[in-house]
Amino acid sequence: MLYSALINVMVKAARRAGRSLKRDLGEIEHLQVSLKGPANFVSLADKRAEEMLYTDLAKARPGYGFLGEEGGTREGNDKSHTWIVDPLDGTTNFLHGIPQFAISIGLAREGTIIAGVIYNPANEELYIAERGKGAFLNDQRLRVAGRRKLNECVIACGLPHIGRGDHELSRRELAALQDEVAGLRRFGAASLDLAFVAAGRLDGYWERNLSPWDIAAGQIMVREAGGIVSGIEGHDNALTTGHVVCGNEFVHAELVKILKPL
């Protein structure tokens, strides 16, 4: 399938960094039993992948700004374009050898996300989206699920853990949704949760306290697959608030209706 030059740049960068992460994943099992432990190793894998992505993207599009989870903001001469990158979304999964993690690359133009790539090197699933051109998984066109009854829907969420998030609010949210849906899931990689909604594998997803690099690529993925993405208020920008809710038109509205008052 023919993609734009922009998407080809993003895919090439993601695949190269992905090969590095896949090799590193193979080392995790050995590190689990070492005295040093795997945490430092994963941090190095994370940083190495981000530097690869920065190098490749900067070479292809000199002057674009770069916002990465590890290195923060790197200003470019072109103030209208910024790469928003998570080199390893799902770090905890990666740390435990769980193959649910991804490289996430979004491109913002004047603050609007115009392209996104999400790549899981563990299973070779490559999601791409470009504004006005649709969303795809390994060349197959994506469409959000069409279910319009919440009690038939499977919804993904985030769960706060030690030192992170509002645990009491999370418990209220889970209690409110448990009585309404067919199932709740927590996979541990926000970019892939959004990609799964775009692919129709999940009917909806919400999570709080995310960063722009968690959301950027997944946001355009869902929208180009016909879904709606917002903050918890229903009309706010998830990239700004850090809180996201998404699904088809019906599911999104129902989730907002339940979550917003909490």
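The model is a predicted one. Its strand S9, covering residues 154–157, pairs in the parallel sense with strand S10 and with strand S11, and the structure holds five aromatic pairs.

**Strand pairing around S9**

- Strand S9 runs parallel to strand S10 (residues 183–185), and three bridges join them; within this pairing, Val154 stands opposite Gly183.
- On the way from S9 to S10 the chain passes through helix H4 (residues 167–178), which gives a β-α-β crossover that is right-handed.
- Strand S9 also pairs over three bridges with strand S11 (residues 204–207), again in the parallel sense, and here Cys157 stands opposite Trp206.

**Aromatic pairs**

- One of the five aromatic pairs is formed by Tyr54 and Phe66, whose rings are edge-to-face, with 5.1 Å centre to centre and 85 degrees between the planes.
- Because Tyr54 lies in helix H2 (residues 39–60) and Phe66 in strand S1 (residues 64–68), this pair ties together parts that are 12 residues apart in sequence.
- Tyr54 counts as partly exposed at 27% relative accessibility, whereas Phe66, at 1%, counts as buried.
- Tyr64 and Trp83 form a tilted pair, with 5.7 Å centre to centre and 40 degrees between the planes; Tyr64 lies in strand S1 and Trp83 in strand S3 (residues 78–89), so the pair ties together parts that are 19 residues apart in sequence.
- Both Tyr64 and Trp83 are buried.

**Charges over rings**

- The charged end of Arg74 sits over the ring of Tyr54, at 4.1 Å from its centre.
- Arg201 lies over the face of Phe196, 4.8 Å from the ring centre.

Definitions and conventions. Residues are numbered from 1 along each chain as its sequence is written. This is a predicted model: local features need pLDDT of at least 70, side-chain atom pairs count only at pLDDT 80 or more; totals for chains, interfaces and linings use all residues. Side-chain values use heavy atoms; hydrogens and water are left out. Two strands pair if DSSP finds at least two bridges between them. Helices (H or I, at least four residues) and strands (E, at least two) are DSSP runs, numbered from the N terminus. A crossover is right-handed if, with the strands pointing away from the viewer, the path from the first strand over the helix to the second runs clockwise. Rings of Phe, Tyr and Trp (its six-membered ring) pair if their centres lie within 6.5 Å; planes under 30 degrees apart count as stacked, over 60 as edge-to-face and the rest as tilted. Buried means under 20% relative accessible area, exposed over 50%, partly exposed in between (1.4 Å probe, protein chains only). A charge sits over a ring if NZ of Lys or CZ of Arg is within 6 Å of the ring centre and within 35 degrees of the ring normal.
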